Number of protein chains: 2
Amino acid sequence: MATERSRCGVTNTKAPASMYMDLSGPPVYRATTTAPVNIAVVKYWGKRDPKLNLATNPSLSVTLSQDDLRTLTTASCSAKYPKEDTLTLNGQPSDISGARTQACIRELRALREGLEKADPSLPKLAELPLRIVTENNFPTAAGLASSAAGFAALVRAIADLYKLPNDPTELSIIARQGSGSACRSLFGGYVAWRDGTQEDGLDSKAVEVAPASHWPQMRALILVASAAKKGVSSTSGMQQTVATSGLFKQRVAEVVPKHMATIEEAIAKRDFATFAEVTMRDSNSFHATCADTYPPIFYMNDTSRAAVRAVEQINEKAGKTVAAYTFDAGPNAVIYFLEEDAAAVVGSFYSILSATEGWKDEAKSLSSDIALDETIAQILKAGVSRVIQTGVGEGPVKSNEHLVEINGEAIIR
Amino acid sequence: MATERSRCGVTNTKAPASMYMDLSGPPVYRATTTAPVNIAVVKYWGKRDPKLNLATNPSLSVTLSQDDLRTLTTASCSAKYPKEDTLTLNGQPSDISGARTQACIRELRALREGLEKADPSLPKLAELPLRIVTENNFPTAAGLASSAAGFAALVRAIADLYKLPNDPTELSIIARQGSGSACRSLFGGYVAWRDGTQEDGLDSKAVEVAPASHWPQMRALILVASAAKKGVSSTSGMQQTVATSGLFKQRVAEVVPKHMATIEEAIAKRDFATFAEVTMRDSNSFHATCADTYPPIFYMNDTSRAAVRAVEQINEKAGKTVAAYTFDAGPNAVIYFLEEDAAAVVGSFYSILSATEGWKDEAKSLSSDIALDETIAQILKAGVSRVIQTGVGEGPVKSNEHLVEINGEAIIR
């Protein structure tokens with residue numbers, strides 16, 4: 001068996017390891033979860049407390065289906081592991097010593113210790129080293145909110161491993177310390193991050209505004225304009241904006257509160273036209289404050305702007321608002337629409353981007369009589385590297401697709 | 001002779017017409033002037049009164065040398081002309097009936113009538129038809145402020161034709177009604193447009209902050225990113241911003257007043273670093289409010305953004321601020337710098353754009369040890385169609401290069 005196992009406790013076998021692996025020695029505890037990506041329609045940008053990730057303003061997002069974008073994470077602990085906690089991300093050993101990751105682990109361990117103190121019969125998991133293995137099914141740091149899904153999965157998996165009774169909102173306070181927007185990935189559907197006012201951040205947490213089942217027709221088409229890493233990380237970028245933009249405080253004081261109130265009502269009423277207008281206006285406002293940062297931050301490029309014009313043309317030619325664009329801290333366009341308008345929206349983009357990878361078979365059957373401007377079509381053809389068709393989805397889900405063998409070996413694939 | 005003359009009173013001959021032309025009949029009165037382009041460093045964007053062109057905020061510009069960019073205009077009047085006033089722009093009959101042009105002509109005629117009433121011995125020019133012929137030495141409507149130079153030249157030429165005693169600030173109130181920024185082109189050097197508060201706009205006028213001679217070392221390098229007409233005209237664009245941007249009122253209330261005070265002091269002290277920072281911040285703020293407009297207005301493109309990064313790299317590698325970018329309602333970059341830093345600034349751009357047209361011989365002798373990032377260099381090489389090297393210059397100048405023959409024929413060349 002020793003020959004079967006690499007010295008770092010990693011195996012590449014895909015065969016059912018339990019058939020022949022060494023199961024003697026201390027037990028291995030494990031829990032596995034998936035967590036979704038969320039794409040904000042009212043953006044989080046700016047921290048009032050960078051250490052605790054306390055936002056300068058509330059935000060609201062749509063959780064996207066994990067069939068298309070998800071992080072899978074197994075958290076395990078065992079006395080047989082080396083003393084140090086370890087993290088493997090997409091098959092590569094990853095730094096677990098970062099302050100944000102440590103903050104999450106520390107808080108979760110403290111909660112487990114509380115349970116163990118209250119019930120001495122519980123196994124002493126809090127004192128065991130953690131082995132965390134995680135993988136995304138989408139490119140990391142391409143402006144696809146991988147850190148949100150990543151920290152949500154990390155927190156959810158460890159909370160499950162430790163059998164913590166805490167609800168998702170309580171866990172969101174922990175996940176938020178890993179990555180602000182991660183707090184919103186602990187829920188499915190339509191999720192608000194209430195920024196809160198307390199210095200300790202205990203009131204800065206995510207809540208479900210509406211479950212996916214309330215408005216399940218919401219779809220998203222993502223035009224990936226670049227899979228490259230971002231130029232300016234959002235963490236440093238947003239603090240430059242807070243420090244230097246003369247327009248930012250207006251966004252925080254007036255623009256965002258209005259957008260939050262309006263879009264929550266639009267979601268309650270399933271009013272897509274209003275949802276779409278706020279979504280587009282808030283994305284514009286966010287990128288405007290980036291452009292007003294000194295030195296200016298540019299996340300959108302000419303391809304992004306062509307996507308904006310394409311959405312405007314689709315809405316104009318459809319005679320009503322059927323699509324809404326939004327852009328995170330990168331050039332990718334996320335276009336929200338309702339299932340009933342798939343032909344007009346997906347069909348219009350498919351007609352010019354049919355050669356681009358990522359389309360689902362359903363797209364091929366959708367035809368639109370909307371012809372996009374030729375210049376816009378050319379820019380999109382040249383700049384969009386792939387598309388992702390998805391929609392509103394559920395929050396984290398327990399999984400048996402463990403990334404750690406029952407004998408404690410990390411599975412790399 | 002009749003065969004020599006086209007029926008619309010236009011001749012193409014370049015030979016001294018007076019040698020053989022018919023000089024009988026009513027006299028032709030004429031006055032010719034040149035007027036400069038100005039490029040704002042604190043931007044005019046937004047009207048509180050669209051009819052009178054009253055701005056929502058003050059602005060400040062640098063007048064550019066007429067050796068490189070100028071409008072030449074001859075205003076003439078004669079009883080031998082057809083009854084209708086006419087305007088010829090760059091060789092083409094142009095519409096003179098527009099409300100803005102008519103407002104300027106009406107006010108100038110009224111001032112002339114006042115003179116004629118006061119002194120009956122004066123010829124009755126106010127009642128004679130006008131023939132105005134004008135030409136630019138640069139592409140029209142490419143974001144090169146052609147309307148500013150055009151209306152400044154129109155007003156200055158007619159004022160000279162009518163021998164009006166009014167000073168440039170008084171004339172700026174008239175030119176402003178033609179095109180807001182035109183009021184600043186009636187002066188050379190460093191010019192402020194005081195937005196004023198009166199409803200009649202009589203206090204919304206241009207004043208000289210400092211003559212060109214106060215800080216003659218100011219240079220400008222223009223990277224022409226597109227000579228095409230703009231997508232969104234600034235007149236309609238700025239009113240969309242006023243109506244829809246949630247961030248715009250913050251620019252008007254706080255950002256611009258601070259920029260005006262700071263840059264006027266910087267000009268007084270010849271403090272380039274401060275002048276440059278305000279210039280770049282104000283351009284960023286202006287384009288941010290455009291991006292925050294609904295639907296968003298995009299004037300800058302990927303070439304413009306590469307120019308921003310190039311300027312940042314030049315300043316960083318020079319170890320001090322030697323260059324400042326600013327963008328009007330178009331993608332062209334205007335880069336201000338001081339003569340003493342020409343090697344670092346012009347040299348850096350010449351090293352990557354030497355194949356681009358428009359360089360003066362002096363550029364070829366400038367070498368910079370600053371190497372711009374290769375990606376940025378490639379974008380600029382692909383996107384910059386020509387360069388214009390110029391600098392701070394004087395205001396309108398009387399000229400004998402008349403565009404109307406002494407017999408009243410328009411000269412087209």
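**Close-up views of a two-chain predicted model**

**View 1. Helix 10 of chain B and its neighbours.** The buried residues of helix 10 (residues 374-383) of chain B pack against strand 13 (218-224), helix 7 (302-318) and helix 8 (342-353) of chain B, where packing rests on contact, that is, heavy atoms within 4.5 Å. This is a predicted model, in which local features need pLDDT of at least 70, side-chain atom pairs count only at pLDDT 80 or more, and totals for chains, interfaces and linings use all residues. Residues are numbered from 1 along each chain as its sequence is written, chains are lettered from A and ligands numbered from 1 in the order in which they are written, and side-chain values use heavy atoms, with hydrogens and water left out. Helices (H or I, at least four residues) and strands (E, at least two) are DSSP runs, numbered from the N terminus.

Which residues of helix 10 of chain B are buried? They are B:Ile376, B:Ala377, B:Leu380 and B:Gly383. At the start of the helix, a side-chain oxygen of B:Asp373 comes to within 2.9 Å of the backbone nitrogen of B:Thr375.

**View 2. Where chain A meets chain B.** On each side of this interface you can find 31 residues: 31 of chain A are in contact with 31 of chain B. The area buried between the two chains is about 2500 Å², and carbon and sulfur atoms give 58% of it. Buried area is the accessible area (1.4 Å probe) that two parts lose on being put together, summed over both. In chain A, the residues that lose the most area to chain B are A:Leu247, A:Tyr294 and A:Phe298, together 25% of what that side buries.

View 3. The rule finds 4 salt bridges between chain A and chain B, each a side-chain nitrogen of Lys or Arg within 4 Å of a carboxyl oxygen of Asp or Glu. A salt bridge of 2.9 Å, N to O, links the side chains of A:Lys249 and B:Glu254.

Helix 5 (248-269), helix 6 (272-291) and helix 7 (302-318) of chain A are the elements that give two or more residues to the side of chain A that touches chain B. Helix 6 of chain A gives the most to that side, with 8 residues.

**View 4. Helix 4 of chain B, with a neighbour from chain A.** Four names to look for are B:Gly237, B:Met238, B:Thr241 and B:Thr244, the buried residues of helix 4 (residues 234-244) of chain B. They sit on the same side of this helix because they cover an arc of only 150 degrees around the axis. Their packing partners are helix 6 of chain A together with strand 4 (47-49), helix 5 (248-269) and helix 6 (272-291) of chain B.

**View 5. Some backbone exceptions.** Most residues other than glycine have a negative phi, and most peptide bonds are trans. In chain A, a cis peptide bond joins A:Tyr294 and A:Pro295, with omega about -5 degrees, and A:Pro295 lies in the loop between helix 6 and helix 7 of chain A. In chain B, B:Tyr294 and B:Pro295 are joined by a cis peptide bond with omega about -5 degrees.

Now for positive phi: A:Asn53 has a value near 55 degrees. Is A:Asn53 buried or exposed? At 1% relative accessibility, A:Asn53 counts as buried. B:Lys163, also not a glycine, has a positive phi of about 50 degrees. B:Lys163 belongs to the loop between helix 2 (146-161) and helix 3 (168-178) of chain B, and is exposed, with a relative accessible area of 66%.

Key. Buried means under 20% relative accessible area, exposed over 50%, partly exposed in between (1.4 Å probe, protein chains only). The arc is that of the directions from the helix axis to the C-beta atoms. A polar contact is a pair of N or O atoms within 3.5 Å; within protein, one must be able to donate a hydrogen and the other to accept it, and residues adjacent in sequence count only if both atoms are side-chain atoms.
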